[in-house]
Structure formats: structure tokens, C-alpha cells
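Reader: Before we go through the terms one by one, could you show me the sequence and the structure?

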Amino acid sequence: MRVRFIDPEGHEHLVEGEAGENAMRCATRALIPGVIGECGGAMACATCHCYAMPPEGAALPEPSSQERDMIDGCIDIQPTSRLTCQVVLGPELEGITFIVPASQV
Amino acid sequence: MNAVTPLMPDIDFAYDDVPNLHTLIDELRTHGPVVPVRYHGSPVWLIMDHGLLKSAFEDYDHFDATAGYKLISEPSMGKTLQTMAGEEHRVSRALVNPLFMPVKVRSYVEALIEPIAHELCDRMEGQREVEFVSAFARPYPFLVITRLLGIPVAEESQFMEWAIKMIDFPWDPEGAVKAKAEFDAYMQAIIDARRADPGDDFVSRLTQAEYEGESLSDERILSFLGLLFPAGSDTTYKNGSSLFAELLANPELCALARGSDKDREAIVTEGLRWQPPTALLPRMASADVEFGGVHIAKGDWTLFGITAANNDPTVFPDPRRFDPSRDNREILTFGRSSHFCLGMHVARRELETALRVVFDRFPDIRLKPGQTIEHVGAVLRGVRNMIVQPYGEA
């Protein structure tokens with residue numbers, strides 16, 4: 001499945017995502033600038049924040065309360081803000097776009 | 001574990017300076033990814049391979065750190081995030097987490113961190129030569145914590161003594177427990193005052209914190225405040241000393257440090273990779289496990305070889321080269337998983353701000369020529385002292 005990342009410079013990256021992996025792993029595997037994921041996906045570092053735009057007709061599950069709390073502490077949050085380590089890729093998200101914020105810190 | 005013969009038996013990684021740690025690790029690596037070495041006089045398992053170390057950080061079945069930390073830190077430090085696991089850890093961490101998130105830490109830079117960096121530079125002003133570790137690197141993160149807690153300037157040196165002693169439990173148990181008692185007595189008065197009249201400061205926020213119906217008792221706040229010093233001050237000062245030593249020896253890196261915020265972020269991250277302040281992190285195995293070709297038994301002590309993993313050539317090509325442009329997403333300096341270092345953002349902002357302010361105030365700063373500068377220590381690693389010339393050649 002195809003996942004689109006827009007990095008902080010505005011460059012588009014199309015990455016072949018694997019169903020079942022989280023979007024942070026997909027991004028770091030493809031060396032997308034600005035997605036760090038330093039804690040490895042435990043919602044402990046807040047360095048994989050992105051703005052998520054699911055494809056038309058699809059929606060992401062609501063963030064857990066722990067993810068919500070972490071997002072609240074991120075920089076420049078928007079209603080579409082997610083920790084990408086908590087977004088599990090699946091066929092229904094084919095073509096999902098993640099916009100990487102200007103800075104995680 | 002006692003039947004195992006350590007490699008390099010003449011070296012004790014708890015006590016020896018090991019200025020050549022990277023070379024020792026290269027040699028140890030030829031014997032396997034996990035090898036026995038000597039630590040506090042006894043054999044322990046040193047984990048060096050990056051993939052294995054990452055998996056150990058994430059494996060709470062076999063490497064749950066809490067039992068070991070209870071032995072070496074709870075008597076003097078009390079119950080802290082380091083000695084908690086599972087739900088108790090999750091809730092306790094959530095109570096303090098907002099104070100360490102990126103948006104909050106960004107506000108500390110202008111209000112707190114940058115003024116302290118300037119204050120320490122003020123003290124170097126006009127001097128031809130300065131010992132940089134004692135003048136800047138060491139007091140800098142310490143003062144960030146004392147000012148964060150609202151400690152009066154006149155009391156700062158007393159706090160420095162308590163902070164140093166509290167973590168000395170494995171070497172001086174009585175002294176460590178006494179220091180913690182004195183620290184607690186002092187801080188209790190501040191906690192009482194903040195509970196009675198809370199403001200927007202750090203201690204008030206702790207007294208007011210609530211998460212899923214839980215709040216922080218005075219005892220928990222005191223333990224948490226005590227942990228701030230070893231976790232947030234000693235580590236950052238050691239790394240700051242290593243970082244400045246490397247930069248000041250390399251004019252190209254100094255030029256880069258005068259560049260953009262992104263440049264400084266990259267330099268700091270490479271410094272954290274190359275000489276992590278917690279070079280080897282002691283952890284006790286919580287269950288038997290076959291790991292990296294050896295049998296590690298429950299209760300065996302291990303050393304999480306952060307410096308080794310951060311210099312694993314299969315993950316970081318040409319690892320001894322200081323290269324801020326490399327991809328550093330896989331560094332293990334701050335650990336991994338749910339016990340990932342709570343203060344990571346504070347440490348990074350402190351180090352980045354130090355680079356910005358010092359090179360702005362002293363554009364010609366350089367090392368005094370002719371010195372031998374060594375990075376020393378295996379548990380906490382940094383530079384013991386280095387003379388700088390703030391205005392360059394005199």
C-alpha cells in the first residue's frame with residue numbers, strides 16, 4: 001500500500017507501506033526527514049508527530065487518551081495531529097498522507 | 001555468573017577511567033555481541049550489539065530494570081519512575097510528563113535556560129583562560145534544575161553537595177541516605193508552601209497534577225525531585241563537556257555550531273551518539289534468557305553498552321567519525337520504550353542553547369593549546385577538565 005509523506009521542506013515522498021506496521025516505522029524505514037520516533041513507538045518521546053490526512057471515505061480510529069495527552073504537548077498541533085507510531089497501516093488507508101511539521105521540538 | 005571469567009580482567013568498568021573506551025569496545029566486540037567484563041569487582045554481561053541492546057531495552061520480561069534499581073537507588077532515592085513498572089509507572093509518568101513535553105520545554109529555553117547560559121558566560125567574561133567544565137558545563141544543567149525548583153541562589157551550593165551525595169549509595173550508603181534526608185527536609189517546606197498557595201511554577205504543577213484520579217503524594221514528589229539531579233544534571237553536564245571538547249578541537253564544527261538551530265540540533269545529536277554520558281548502563285536481568293549467544297540468569301547484572309551500540313558499525317558507518325550529517329534516528333542514548341528518558345527534550349534544549357550562547361558570546365573561543373583532553377568514566381562519561389581561552393589566542 002502506498003503512503004505519502006510531505007516533509008518539512010514540502011517535498012513529497014511515496015513509500016510502500018506494509019499492512020500492520022505503524023506509520024512511524026514506515027517513515028523512519030524510508031528516512032523521511034523530521035520523523036524521528038526515538039523511543040521506538042512507546043508514546044514516550046513525542047518525536048513522530050505528523051498531520052494525518054486519510055484517503056476519502058476512510059477515517060483513523062480516535063487517539064487513545066495517552067496519545068491525546070502526548071499530542072497536547074507537541075509543537076504546532078492541529079485537529080489532524082497524530083503520533084504516527086500509533087497509526088497502524090492497513091489497506092483501507094491506501095494513499096494516506098502525513099504532513100511532517102516544521103519541527104518536532 | 002560467578003563462574004564466568006571476565007575478559008580484560010585488569011579493567012573494572014565501575015572504577016577505571018577507561019579513556020580508550022571505544023578501542024576497548026572494538027576489541028571486546030571481536031569476542032561476541034555480549035561478553036563478560038568486570039564491574040564492581042564481579043563479572044557482568046556487557047551487551048554491545050545495537051539490535052540486541054534495542055531489544056533488551058524493549059524486553060520487560062527479561063530485563064525489567066526495577067528490581068536492580070530498587071537495590072542500588074531506592075534506599076537513598078526513594079520510590080521513583082526508575083523503580084516502578086507497569087500501571088504504576090504509566091500513571092506516575094503521566095502525572096509529571098506534561099512538564100517535559102516539547103511545547104513546555106520550549107518555554108523553558110527563553111525563561112530559564114538561556115539566562116543561565118548567559119550568567120555563566122558573564123563569569124567567564126574578561127578572563128584569558130578558564131577551566132570550562134567547572135565554570136560552565138557542570139553548573140549549567142544543575143542551575144536549570146535548582147532555578148526550576150525555585151531554590152534561592154544562596155542555597156545552590158548546598159544543593160550541589162546533596163545532589164552529588166544522594167546518588168553515591170553504592171559507594172557511600174550512609175552518606176547518601178543522610179543527604180536525601182536533608183534534601184527532603186529542605187524541599188518539604190517548599191512543597192508545603194506551594195500546596196498552600198499554588199502558582200504556575202514547577203513544584204506547584206507537581207502538587208496540583210492529576211491523572212486518572214491519581215495525584216502525587218509529598219513522598220513521591222520528594223523522590224521525583226531527588227531523581228532530577230542525577231538524571232538531569234550529571235548526565236547533561238558530562239555530555240556537554242564531551243561535546244565542547246570535540247567542537248573546540250575542530251574549527252569546522254565550531255563554524256557549524258554558529259549556524260542554524262537545525263545545525264545545532266544535529267551537532268548535539270551526534271555528540272549524544274558518539275559519547276553518550278551514560279556510556280554503560282547497569283541493569284539486572286529479571287529472568288533467565290539466552291541472549292546474544294550467552295546464558296544470562298535471573299539476578300545477573302548486565303551493562304547496557306549504550307556507547308557500544310551507538311558505535312555499532314553495522315548501524316552507524318565509520319562510527320568514530322564525528323559527523324552531524326549522519327542519520328541518528330537509531331541512537332540509544334536516552335534508552336527505548338516506555339522508560340525512555342523523560343528529560344530528553346530538556347537535555348537537548350540545554351545543549352543546543354549552550355552552543356548558541358557560548359559561541360555567540362565568545363566567537364573566538366578555543367582550547368588552550370598543548371593540553372591532553374580525555375573522556376573518562378564508563379558509567380558516567382565526560383571530560384574532567386579542559387582549559388579554554390574565551391578570546392582565542394592571547
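Reader: What makes A:Ile99 the bridge partner of a residue in another strand, and which residue is that?

Author: In this predicted model, A:Ile99 of S5(A) is the bridge partner of A:Tyr51. Strand S3 (residues 49–53) and strand S5 (residues 97–99) of chain A pair in the antiparallel sense over 3 bridges, and since two strands pair if DSSP finds at least two bridges between them, the two count as paired. Strands here are DSSP runs of E with at least two residues, and helices are runs of H or I with at least four, numbered from the N terminus. Residues are numbered from 1 along each chain as its sequence is written, chains being lettered from A and ligands numbered from 1 in the order in which they are written. Because the model is predicted, local features need pLDDT of at least 70 and side-chain atom pairs count only at pLDDT 80 or more, while totals for chains, interfaces and linings use all residues.

Reader: What makes strand S2 (12–16) and strand S4 (81–83) of chain A edge strands?

Author: Each of them pairs on one side only, in an open sheet of 5 strands with mixed pairing and the order S2-S1-S5-S3-S4 (chain A).

Reader: Which strands are the edges of the open sheet in chain B?

Author: That sheet has 4 strands in the order S1-S2-S9-S6 (chain B), with mixed pairing, and its edges are strand S1 (34–39) and strand S6 (280–284), each pairing on one side only. S6(B) pairs with strand S9 (residues 301–305) of chain B in the antiparallel sense over 5 bridges, and there B:Leu280 stands opposite B:Gly305.

Reader: Why is H6(B) called oblique to H8(B)?

Author: Helix H6 (residues 102–124) and helix H8 (residues 139–148) of chain B pack at an angle of about 130 degrees, with their axes 10 Å apart. Axes are lines fitted to C-alpha atoms, for helices over the stretch in contact, and angles run from 0 to 180 degrees between N-to-C directions. Under 35 degrees counts as roughly parallel, over 145 as roughly antiparallel, 65 to 115 as roughly perpendicular and the rest as oblique, so H6(B) is oblique to H8(B).

Reader: How do you know which residues of chain A and chain B are in contact, and how many are there?

Author: Two residues are in contact if their C-beta atoms, placed from the backbone, lie within 7 Å; by that criterion, 17 residues of chain A are in contact with 18 residues of chain B.
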